[in-house]
Amino acid sequence: VQKEIYIQINFYNASPEIFKRAKELRENLTPTENLLWHELNRKKFKGYRFKPQHPIDRFIVDFYCHKARLVIEIDGEVHEQGEQVKRDQGRSAELEAFGVKVLRFSNLEVQENLEDVLKTIHQAFQTPEGK
């Protein structure tokens, strides 16, 4: 029962298949995900711990901080095109329905403005939704 409650709270009823896929993705982070993960994993966020490729319901988010209920997604160029933009907006809305905040950054933002990305993440901890 304890484990079942933990899975419901932290993973929002993600299926075993989603867990398996998330593990595969964790083992193969993109270069940009690796760049941000290096910063998130350096404990710069004072008690806020992120997990890469984290299952939430039917989704696998790039990074998740349970304590802050914060999702970080890194979008490649394909995410800037027509239908994908709408799908991403829908995905963010579905995730937010679980009570989490979603921050989206482009690959380019992470690669060229990492300090600004980190500042935005820090600011999310200061907002009521990020606490």
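Is Glu24 buried, partly exposed or exposed, and what is its relative accessible area? In this predicted model, Glu24 is partly exposed, with a relative accessible area of 32%. Its salt-bridge partner is Arg21. The two side chains meet at 3.3 Å, N to O. Arg21 is partly exposed as well, at a relative accessible area of 42%. Both values fall between the 20% limit for buried and the 50% limit for exposed. Arg21 and Glu24 belong to helix α2, residues 16–26. They are three residues apart, so about one helical turn separates them.

A search of the whole structure finds six salt bridges. Side chains of opposite charge can pair when their charged atoms come close. One of the bridges joins Arg58 and Glu94, with an N to O distance of 2.7 Å. Arg58 lies in the loop between β1 and β2 (59–65), and Glu94 lies in helix α4, residues 82–96. The pair therefore ties together parts that are 36 residues apart in sequence. Glu94 is partly exposed, with a relative accessible area of 35%.

Asp75, Asp88 and Arg104 are linked in a network of salt bridges.

Asp75 also has a place in the strand pairing. Strand β3 covers residues 70–75 and pairs with β4 in the parallel sense. Six bridges join the two strands. The bridge partner of Asp75 in β4 is Ser106. Strand β4 spans residues 101–106. Five of its six residues are buried, so β4 is largely enclosed by the rest of the structure. In a regular strand the side chains alternate between the two faces of the sheet.

The structure holds three aromatic pairs. Tyr48 and Phe125 form a stacked pair, with 4.0 Å centre to centre and 15 degrees between the planes. This pair links distant parts of the chain. Tyr48 is in the loop between α3 (31–40) and β1 (51–56), whereas Phe125 is in helix α6, residues 114–126. The two residues are 77 residues apart.

Phe125 also pairs with Phe50. The ring centres of Phe50 and Phe125 are 6.1 Å apart and the planes stand at 50 degrees, so this pair is tilted. The angle lies between the 30 degrees limit for stacked and the 60 degrees limit for edge-to-face. Phe50 lies in the loop between α3 and β1, and Phe125 in helix α6. Parts that are 75 residues apart in sequence are thus tied together by the pair.

Tyr48, Phe50 and Phe125 form one aromatic cluster. Tyr48 is buried. Phe50 is buried at a relative accessible area of 3%. Phe125 counts as buried at 4% relative accessibility. A charged group also meets this cluster at Tyr48. The charged end of Lys67 sits over the ring of Tyr48, 5.0 Å from its centre.

Definitions and conventions: Residues are numbered from 1 along each chain as its sequence is written. This is a predicted model: local features need pLDDT of at least 70, side-chain atom pairs count only at pLDDT 80 or more; totals for chains, interfaces and linings use all residues. Side-chain values use heavy atoms; hydrogens and water are left out. Buried means under 20% relative accessible area, exposed over 50%, partly exposed in between (1.4 Å probe, protein chains only). Helices (H or I, at least four residues) and strands (E, at least two) are DSSP runs, numbered from the N terminus. Two strands pair if DSSP finds at least two bridges between them. Rings of Phe, Tyr and Trp (its six-membered ring) pair if their centres lie within 6.5 Å; planes under 30 degrees apart count as stacked, over 60 as edge-to-face and the rest as tilted. A charge sits over a ring if NZ of Lys or CZ of Arg is within 6 Å of the ring centre and within 35 degrees of the ring normal. A salt bridge is a side-chain nitrogen of Lys or Arg within 4 Å of a carboxyl oxygen of Asp or Glu.
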